[in-house]
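Subject: Structure handover

Dear colleague,

Please find the structure below. My notes come after it.

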Amino acid sequence: MSSALSSPVQGASSPAQAPSSSPAQGAGSPNLGGGATQTSSPGVPATPHSVPRTPGSLARTPGSQAGRASSIQPSPARSDLGRRGQLARENAEQGNSDGNPRTFIWGTNIEVQGTKESARKFFTEYKEDGAEDPLYLQLLQQANSRQVYFVNLDCHHIDSVDRSLYDKLVQYPTETITIFDVVLTELYVEMFPEEADQVSMQVRTFNLTETVVMRNLNPSDMDKLVSIKGM
């Protein structure tokens with residue numbers, strides 16, 4: 001088993017078992033271009049979500065998606081969460097189709113359908129102060145317009161509205177992040193059904209509420225999501 005580690009820069013966090021890959025920090029796209037990936041890279045920057053939004057900004061312009069479905073390239077399958085992530089995804093997708101409300105992932109306290117419902121509630125309802133539209137639906141809109149298939153997830157946002165969901169993310173990041181991927185993909189397909197066969201969304205977490213120095217890591221931190229301060 002491998003330890004789940006994270007980047008020290010601006011609170012970026014990620015499981016250590018994942019391969020290193022950091023998104024470039026684009027000055028013109030603060031919400032999607034610079035969030036932390038699930039990597040062990042020490043240089044992943046955290047990104048603010050303070051983009052301007054106006055009422056009705058989630059509305060799609062008629063004809064703006066015309067001809068896009070035929071030109072969309074399928075998004076790559078996620079490999080950084082390993083076999084455990086694959087099994088969690090299968091459970092999440094099966095739970096949705098079978099309607100089984102009490103499917104638990106072995107070795108965890110994660111009940112699949114309940115966790116999916118909590119994640120969907122968060123993604124569809126969380127708003128920043130003064131905003132009129134849910135933040136993560138805005139980010140899905142941006143992902144579609146830029147044809148990128150990931151969303152940066154500020155862990156402080158989850159902690160502020162659903163501590164139980166945040167604890168699951170920290171304790172069982174592989175399984176929880178996989179469920180987040182499934183939920184975001186479902187939401188994306190609901191918003192852009194013409195791309196249903198091409199898209200698999202991915203979550204990139206950053207900004208945990210707590211950080212530790214590397215020398216203070218313990219065996220109990222194995223397979224958890226931790227944020228490391230300093231190198």
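Predicted model: local features only at pLDDT ≥ 70, side-chain atom pairs only at ≥ 80, totals over all residues.

Residues are numbered from 1 along each chain as its sequence is written, and side-chain values use heavy atoms, with hydrogens and water left out.

Helix α7 covers residues 173-191; helices here are DSSP runs of H or I with at least four residues, and strands are E runs of at least two, numbered from the N terminus. Of the 19 residues of α7, 16 are buried, so the helix is largely enclosed by the rest of the structure. Buried means under 20% relative accessible area, exposed over 50%, and partly exposed in between (1.4 Å probe, protein chains only).

Helix α6 (residues 163-171) and α7 have axes that come within 6 Å and cross at roughly 120°. Leu165, Lys168, Leu169, Val170 and Gln171 in α6 meet Pro173, Thr176, Ile177 and Phe180 in α7, where contact means heavy atoms within 4.5 Å.

Glutamine 147, in the loop between α4 (135-146) and β1 (150-154), has a positive phi near 55°. Glutamine 147 is partly exposed, at a relative accessible area of 38%. Asparagine 207, in the segment after β2 (202-206), also has a positive phi, near 65°.

Regards

Methods: Expected span 1.5 Å × (residues − 1). Axes fitted to C-alpha atoms, helices over the stretch in contact; angles between N-to-C directions.
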